[in-house]
Amino acid sequence: MTPADSRAPVTIRPAIRADLLAVFRIETRSFGQPWPYSAFEHVLGSPAFLVAEGSESIVGFVVGDLIDTHGVSIGHIKDLAIDPEHRREGIGTMLLSRGLSALIAAGVGRIKLEVRCSNEPAQTLYASFGFERHHTVSNYYDDGEDAYVLVREPTSNA
């Protein structure tokens, strides 16, 4: 049996209020500058706030929402995190795929996100879904690190 065969199945579903503490715990374990709990309360009900549920707990999440820009809706992947104990299992790929599908179903074409310039694994994942570097925002993060703004055009394959 290969490691992939031994993994517990994961279900991707919309986040509910009861998931928020688990989501917040993953956020704080994943990022040096985590979102506050109240931010997750605020985005509850967003079209692409999805969780990955393992056999016993939430193991990851994605937050995607719509932004109105001059009368045109674009998608925005705001946050994506996997519990450190469950990384490298394909959960991020599943969450991103379902999150993009949810945003597209909500009527967006273009989708954007920000990623730390130092986060090469995330950049590789996003590139595999057709995201391309659009520009750099200096000092985007509180610690002074820059962010790449990545964009996925409507014609990109996911």
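Which strand does leucine 113 lie in? Select Leu113: its strand is β5. Helices (H or I, at least four residues) and strands (E, at least two) are DSSP runs, numbered from the N terminus.

Before moving on, note the ground rules. This is a predicted model, in which local features need pLDDT of at least 70 and side-chain atom pairs count only at pLDDT 80 or more, while totals for chains, interfaces and linings use all residues. Residues are numbered from 1 along each chain as its sequence is written, and side-chain values use heavy atoms, with hydrogens and water left out.

**Stop 1: Leu113**

Leucine 113 counts as buried, at 1% relative accessibility. Buried means under 20% relative accessible area, exposed over 50%, and partly exposed in between (1.4 Å probe, protein chains only). Show contacts next (heavy atoms within 4.5 Å). Not counting residues up to four places away in sequence, leucine 113 touches His76, Ile77, Tyr126, Phe131, Tyr148, Val149 and Leu150.

**Stop 2: the largest nonpolar core**

A nonpolar core is a set of buried Ala, Val, Leu, Ile, Met, Phe, Trp, Tyr and Cys residues joined through side-chain atoms within 4.5 Å. The largest one here has 25 residues. Select Ile77, Leu95, Tyr126 and Phe131, which have the most contacts inside it. Then colour β2 (48–53), β3 (58–69), β4 (72–82), α4 (91–105), β5 (111–116), α5 (120–128) and β7 (147–152): each supplies at least two residues of this core. Helix α4 gives the most, with five residues.

Centre on tyrosine 126. Leaving aside neighbours within four places in sequence, tyrosine 126 is in contact with Leu80, Leu96, Leu113, Val115, Phe131 and Leu150. There is also a second, separate core of 12 residues, including Ile26, Val43, Val51 and Phe61.

**Stop 3: helix α5**

Which residues of α5 are buried? Pick Ala122, Gln123, Leu125 and Tyr126. These cover an arc of only 160° around the axis, which puts them on the same side of α5. The arc is that of the directions from the helix axis to the C-beta atoms. The buried residues pack against β4, α4, β5, β6 (132–137) and β7. Turn to the face away from the buried side: it carries the exposed residues Glu120, Pro121, Thr124 and Ser128.

Check both ends. At the start of α5, a side-chain oxygen of asparagine 119 reaches to within 3.1 Å of the backbone nitrogen of alanine 122. Just after α5, glycine 130 takes a positive phi of about 90°.

**Stop 4: helix α2**

Select residues 20–30. The buried residues of α2 are Leu20, Val23, Ile26 and Glu27. Seen down the axis, they fall within an arc of 125°, so they line one face of the helix. Their packing partners are α3 (37–43), β2, β3 and β4.

**Stop 5: the largest pocket**

A pocket is found on a 1 Å grid over the protein atoms alone, as an open set of points where a 1.4 Å probe fits, with protein on both sides within 12 Å along at least five of seven lines; lining residues have an atom within 4 Å of a point. The largest has a volume of about 1,100 Å³, the volume being the space filled by probe spheres set on the points. Of its 34 lining residues, Phe31, Leu80, Asn119, Ala122 and Tyr126 are the closest to its centre. The largest share of the lining, seven residues, comes from β4.

**Stop 6: the loop between β6 and β7**

Glutamate 145 sits in this loop. Its side chain makes polar contacts with the side chains of arginine 116 (2.6 Å) and serine 118 (2.7 Å). A polar contact is a pair of N or O atoms within 3.5 Å; within protein, one must be able to donate a hydrogen and the other to accept it, and residues adjacent in sequence count only if both atoms are side-chain atoms.

Asparagine 139 is found in the loop between β6 and β7. Its phi is near 50°, a positive value in a residue other than glycine. At 56% relative accessibility, asparagine 139 counts as exposed.
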